[in-house]
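Work through the exercises below with the sequence and the coordinates open. Each task is followed by a solution in steps.

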Amino acid sequence: MSDLKQELKEKIITQLNLEDIAIDEIADNDPLFGDGLGLDSIDALELIVMLDKDYGIKLTDPKEGKKIFESIEVMANYITTHRTK
Amino acid sequence: MEKVFINSIGSISAQKTFDNKVFLEEITTYEDNVIPAIEPNYKDFIPPAAARRMAKGIKMGVVAAKIAMEEANLSNVDAIITGTGMGCVRDSEKFVTAILDNQEQFLTPTSFIQSTHNTVAGQIALGIGCKGYNFTYVHSSISFESALIDALMQLQTKEAENILVGGVDESGEHTNTIHKLIQHIKLEKINTNKLLQSNTEGAVFGEGANFFVLSNNKQNSCYAQILGVKTFNTLPISKLTANLEGFLKDNNLSVDDIDVLISGNNGDLNFDNYYLELTQGLFNNTQQVYYKHLSGEFNTASSFGFWLGAKILKTQHIPSEIALNSIKSKGFGTVLLYNQYRGKNHSFTLLRQC
């Protein structure tokens with residue numbers, strides 16, 4: 001699980017071009033949107049594509065993303081349970 | 001009709017041109033066939049959260065525009081008009097490559113959203129909160145001049161007071177590969193100081209962004225007055241001289257009134273003869289300068305020539321590195337720019353000391 005969290009942090013930094021943020025600056029329970037990392041709706045779309053491409057998880061309802069992308073901890077739990085690859 | 005002045009400039013190019021206080025004091029020479037723009041520290045100009053989705057062309061355009069706005073001491077303008085030949089080509093390459101690599105699946109939105117030709121003008125408008133006229137011309141190597149003509153008409157007829165005009169193009173890796181294959185880029189790497197002696201096909205490609213605040217009110221920061229701009233999609237070499245004389249006549253000028261000719265020579269064996277027609281003909285006794293060994297060739301490289309003309313008129317100085325002949329004018333009152341790319345899309349631009 002901790003490997004997956006590390007992997008998610010690396011992917012988020014790379015794919016969302018968060019070049020000023022280091023991996024250790026993202027705590028597992030930090031909110032990804034709003035006051036935390038400050039991600040926005042375009043980032044949410046990028047994360048939905050990432051779930052599909054890298055973990056085989058298709059989100060049919062975009063509203064689900066709001067809960068799933070709450071934090072690295074929540075994302076990692078969801079991926080562990082639902083991943084198909 | 002109202003006069004139109006260049007009240008400020010902002011330039012990012014293959015030279016250190018982003019500091020308006022200096023004028024080519026330090027020339028960077030390259031040994032290559034594609035040369036990159038020297039970038040300022042973008043964090044000094046764009047918040048990291050906004051910059052993270054911007055490709056190089058957008059950052060160059062936004063920062064060059066910001067430098068020009070600051071020098072003009074303006075927080076907003078009536079219109080933003082840009083010219084670009086290839087638009088945000090890096091993001092275009094990125095999303096098209098993603099389509100191919102992922103069998104048309106898993107397409108992410110960012111590069112697609114940012115890949116349009118009018119992204120730069122849009123981002124500038126968002127940054128300064130400009131809700132006025134916003135237009136981007138995509139007319140190959142007269143893209144910048146087309147933007148200029150639009151701004152001139154609006155300012156001459158007092159439809160606007162201050163307009164931000166710019167030319168911007170970024171280098172794209174895949175696009176450059178294609179241009180090398182068809183020899184529009186020179187096959188060999190070349191010392192840019194020896195560009196005009198290369199005697200080979202193609203040009204050295206470059207990139208950059210040059211922005212200007214144009215106004216019908218002359219400010220203390222004024223660089224030059226724009227007298228006229230004319231473009232031609234096609235112009236046979238046999239008609240070049242006559243058309244240029246006609247352009248000068250339309251502006252009540254003759255060859256003797258031109259103090260400096262800024263020529264767009266790019267060292268392409270097949271197409272520099274257009275420039276030679278003027279430099280060895282009509283303007284044989286006129287001081288001549290060139291600039292594409294400094295900027296590289298790109299669709300809006302002539303905006304760097306326009307920057308150069310504005311700088312020459314304001315500083316009354318010509319760096320020795322851009323001299324095309326040994327003739328020296330007594331002063332620099334009127335400057336003529338001529339540019340074309342591969343024998344098409346010609347432009348004449350006239351600037352006067354203000």
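**Exercise 1: two domains of chain B**

The centres of domain 1 of chain B and domain 2 of chain B, taken over C-alpha atoms, are 21 Å apart. The model is predicted: local features need pLDDT of at least 70, side-chain atom pairs count only at pLDDT 80 or more, and totals for chains, interfaces and linings use all residues. Residues are numbered from 1 along each chain as its sequence is written, while chains are lettered from A and ligands numbered from 1 in the order in which they are written.

Task: state which elements supply the side of domain 1 of chain B that touches domain 2 of chain B.

Solution. 
1. Domain 1 of chain B spans 4-215 and domain 2 spans 227-353; these bounds come from an automatic or database domain assignment.
2. The contact (C-beta atoms, placed from the backbone, within 7 Å) takes 44 residues from domain 1 of chain B and 35 residues from domain 2 of chain B.
3. On the domain 1 side, strand E1 (4-12), helix H6 (143-156), strand E5 (162-169) and strand E7 (208-215) of chain B each give at least two residues. Helices (H or I, at least four residues) and strands (E, at least two) are DSSP runs, numbered from the N terminus.
4. H6(B) provides the largest share of that side, seven residues.

**Exercise 2: B:Ser13**

Task: is B:Ser13 buried or exposed?

Solution. 
1. Locate B:Ser13 in the loop between E1 and strand E2 (31-32) of chain B.
2. Apply the cut-offs: buried means 20 or more other C-beta atoms within 10 Å of the residue's own, exposed means 12 or fewer, and partly exposed lies in between, with C-beta atoms placed from the backbone.
3. B:Ser13 has 30 C-beta neighbours inside 10 Å and therefore counts as buried.
4. Leaving out residues up to four places away in sequence, B:Ser13 touches B:Ala37, B:Gly208, B:Ser295 and B:Phe304.
5. B:Pro36 is 23 residues from B:Ser13 in sequence, with 7.8 Å between their C-alpha atoms.

Note on methods:
Two residues are in contact if their C-beta atoms, placed from the backbone, lie within 7 Å.
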